[in-house]
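Biologist: Thanks for sitting down with me over this one. Could you show me the model, so that we can go through it together?

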Amino acid sequence: MTVKFSDGKSATAKIIGTDPATDLAVIKAEGVSGLTKATLGDSDRLKVGDSVLAIGSPLGLSGSVTAGIVSALNRTLTVGGDQGQQQLPPGWGRQQQGGGGATTIGGAIQTDAAINPGNSGGALVNAAGEVVGINTAIATNGGEGSIGVGFAIPITTANQVAEQLIESGKVSHAFLGVSVTDATGDAGGALVGQVTEGSPAAKAGIEQGDLITKINNTAVDEAATVVGAVRGFKPGQQVTIAYVRDGRPGTVTVTLAEKTGE
């Protein structure tokens, strides 16, 4: 792997660790010094309408900058999959389970700053020049270019993942223990299809056929929301899940476990 800097110099680099679940990796350039590090902002303080710049190399045009705003927050999107696509819009009614090549990202920042192939991995910065996200995907509506709907991984998420990769080369993810599908008809939510025996969900009393409608303060309108939300938590963290069973609402408190076997 080679890293090329803005002054034209390049250096070899090695991969410290990767985390496919969040579409992130950490690399380290070798034999370099005196680099100016980027200032990280606080993506939790972003508001819809904030000005942002997307930096990257769209279509091989290095050092490109596009301007826009934060269009929405806390989006859930699914990238990858059997066709190897990297850029798919959210909310297309997929079944969300543990297997497959798709990656579900929760809490994503939506922006209308133009993001095109080659921007992935580039910085999304605020008006103060602080990095608030990492560009990761766009909705294309069947085409190949930007239509003004792009997504970035919040820098708070990226920083947490990076710290774990640097320390141990791997990332610990939370585990709920359910497979879910989008609810049919007019009902929103995620329908529980299977509950893993001995999982946090099973211990909390969640059953097959339950309709999950909320996780903490996040409203669940589709299956991907559950996957994205759980990936935003840490093992050992307690979350409140609201559900509907046989037409009657209920809530449970679940203590998430660490996901193993990845």
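This is a predicted model: local features need pLDDT of at least 70, side-chain atom pairs count only at pLDDT 80 or more; totals for chains, interfaces and linings use all residues.

Biologist: Is phenylalanine 175 buried, partly exposed or exposed?

Modeller: Its relative accessible area is 23%. Buried would need a value under 20%, and exposed one over 50%. Phenylalanine 175 is therefore partly exposed.

Biologist: How far apart in space are phenylalanine 175 and threonine 255?

Modeller: In sequence, 80 residues separate phenylalanine 175 from threonine 255. In space, going from C-alpha to C-alpha, the distance is 9.2 Å.

Biologist: Let's turn to the pocket. What is the volume of the largest pocket?

Modeller: Its lining has 48 residues. Ile27, Gly121, Gly122, Ala123 and Ile134 are the ones that lie nearest the centre. The volume of this pocket is about 2000 Å³.

Biologist: Which element gives the most to the lining of the largest pocket?

Modeller: The elements that give two or more residues to this lining include β1 (2-4), β2 (10-19), β3 (24-29) and α1 (155-168). The top contribution is seven residues, and the element that gives them is α1.

Biologist: Where is threonine 157, and how far in space is it from leucine 24?

Modeller: Threonine 157 has its place in helix α1. With 27% relative accessibility, threonine 157 counts as partly exposed. Threonine 157 and leucine 24 are 133 residues apart in sequence, yet their C-alpha to C-alpha distance is 9.7 Å.

Biologist: Which residues make the nonpolar surface patch of about 310 Å²?

Modeller: Residues in such a patch need over 30% relative accessible area. Isoleucine 27, in strand β3, has 40% relative accessibility and counts as partly exposed. The patch is made by Met1, Ile15 and Ile27.

Biologist: And helix α3: how many of its nine residues are buried?

Modeller: Helix α3 covers residues 223-231 and is mostly covered. Among its buried residues are Ala223, Thr225, Val227 and Val230. The buried count for α3 is eight.

Biologist: Now the charges. How many salt bridges are there?

Modeller: A nitrogen of Lys or Arg has to lie within 4 Å of a carboxyl oxygen of Asp or Glu. Arginine 245 and glutamate 207 pass at 3.6 Å, N to O, and aspartate 210 and arginine 245 pass at 2.8 Å. The count by this rule is two.

Biologist: Why does the pair of arginine 245 and glutamate 207 tie together parts that are apart in sequence?

Modeller: Arginine 245 lies in strand β15 (residues 238-245), whereas glutamate 207 lies in the loop between α2 (200-204) and β13 (211-215). The pair therefore ties together parts whose separation in sequence is 38 residues.

Biologist: Is aspartate 210 buried or exposed?

Modeller: Aspartate 210 is in the loop between α2 and β13, 35 residues from its partner arginine 245 in strand β15. Glu207, Asp210 and Arg245 are linked in a network of salt bridges. Glutamate 207, at 41% relative accessibility, counts as partly exposed. Aspartate 210, at 2% relative accessibility, counts as buried.

Biologist: What is the phi of aspartate 23?

Modeller: Aspartate 23 sits in the loop between β2 and β3, and its 39% relative accessibility makes it partly exposed. Although aspartate 23 is not a glycine, its phi is positive, at about 65°.

Biologist: Where is asparagine 74 found?

Modeller: Asparagine 74 also has a positive phi, near 60°, in a residue other than glycine. At 64% relative accessibility, asparagine 74 counts as exposed. Its place in the chain is strand β5.

Terms used: Residues are numbered from 1 along each chain as its sequence is written. Side-chain values use heavy atoms; hydrogens and water are left out. On a 1 Å grid over the protein atoms alone, a cavity is a set of points where a 1.4 Å probe fits but cannot get out, and a pocket is an open set with protein on both sides within 12 Å along at least five of seven lines; lining residues have an atom within 4 Å of a point. Grid points are joined across faces, edges and corners, and a volume is the space filled by probe spheres set on the points. Helices (H or I, at least four residues) and strands (E, at least two) are DSSP runs, numbered from the N terminus. Patches are made of residues with over 30% relative accessible area and no salt bridge: like charges are joined within 9 Å, nonpolar side chains (Val, Leu, Ile, Met, Phe, Trp, Tyr) within 5 Å. Accessible areas come from the Shrake-Rupley method with a 1.4 Å probe; for residues, only the protein chains shown count as cover. A salt bridge is a side-chain nitrogen of Lys or Arg within 4 Å of a carboxyl oxygen of Asp or Glu. Buried means under 20% relative accessible area, exposed over 50%, partly exposed in between (1.4 Å probe, protein chains only).
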